[in-house]
Amino acid sequence: MLSGRRLDLLDPSPLDIEIGDIAHGLARVARWNGQTIGDHAFSVAQHCLVVETIFSRLNLPTPEESLAALLHDAPEYVIGDMISPFKAVVGGGYKTVEKRLESAVHLRFGLPPAPPAALKARIKKADQIAAYFEATLIAGFTPAEARTFFGQPRGITREMIPIAPLPATEAQAQFLLRFDALERARAARVA
């Protein structure tokens, strides 16, 4: 990692996880395999920001729940973003590595190793809504196609989310700002 940390992908340690590495990596991983409109790829970092925005609008989350939403795709900072149909073909090995990384990331930032099922379902709902808007606004899907894959969003409109692809450095900076804001909110609850 750019921080100088060495991360064992098969047995990741929370001690080797740095938020700067996560933000840097996610800001440089393209969603939709880079097949989006605009001068910049729509990064996983920006996607995470959109998911956390949607999650916060649909719920009354604690800072810890919002942090879990922001970090929902954190393992992709080292393993990349693989489209769901290909994940299914690759099988269990990919999911095992992804779950180990998720657990290490969560432990590093004081979250349970795996989100409770109810929280995971609420984050997944926000993720599906984000995917619908990404698909229709920047990835060339028709609304009907997007509904087939992601369902019809309810309670969220395009105006509520930042969807224009950002330069990697800007997506990275915004991800870090949101992480810092959530960490301050967590600290304020403890104090």
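Visitor: At roughly how many degrees do the axes of helix α3 and helix α7 cross?

Guide: The model is a predicted one. In it, helix α3 covers residues 63-70 and helix α7 covers residues 117-137. Their axes come within 10 Å and cross at roughly 55 degrees.

Visitor: Is the crossing of α3 and α7 left-handed or right-handed, and how do the two lie to each other?

Guide: Angles from 65 to 115 degrees count as roughly perpendicular and those under 35 degrees as roughly parallel. The angle here is roughly 55 degrees, and α3 and α7 are therefore oblique to each other. As for handedness, the crossing in which α3 passes α7 is right-handed.

Visitor: How many charged residues does the contact of α3 with α7 have?

Guide: From α3, the contact draws on E65, A68 and A69, and from α7 on L119, R122 and I123. Divided by class, these residues are four nonpolar and no polar, while the number charged is two.

Visitor: How far apart are the axes of helix α2 and helix α9?

Guide: Helix α2 spans residues 44-58, and helix α9 spans residues 168-190. They pack at an angle of about 40 degrees, which makes α2 oblique to α9. The crossing of the pair is left-handed, and the distance between their axes is 8 Å.

Visitor: Which residues of α9 make the contact with α2?

Guide: On the α2 side, the contact is formed by A45, Q46, C48, L49 and E52. By class, the contact has six nonpolar, two polar and two charged residues. The residues of α9 that take part are A171, Q174, F175, R178 and L182.

Technical notes
Residues numbered from 1 in each chain as written. Predicted model: local features only at pLDDT ≥ 70, side-chain atom pairs only at ≥ 80, totals over all residues. Heavy atoms only, no water. Axes fitted to C-alpha atoms, helices over the stretch in contact; angles between N-to-C directions. Helix = DSSP H or I, 4+ residues; strand = E, 2+ residues; numbered from the N terminus. Parallel < 35°, antiparallel > 145°, perpendicular 65-115°, else oblique. Left-handed = near helix turned anticlockwise from the far one by under 90°. Contact = heavy atoms within 4.5 Å. Nonpolar A, V, L, I, M, F, W, Y, C, P; charged D, E, K, R; others polar.
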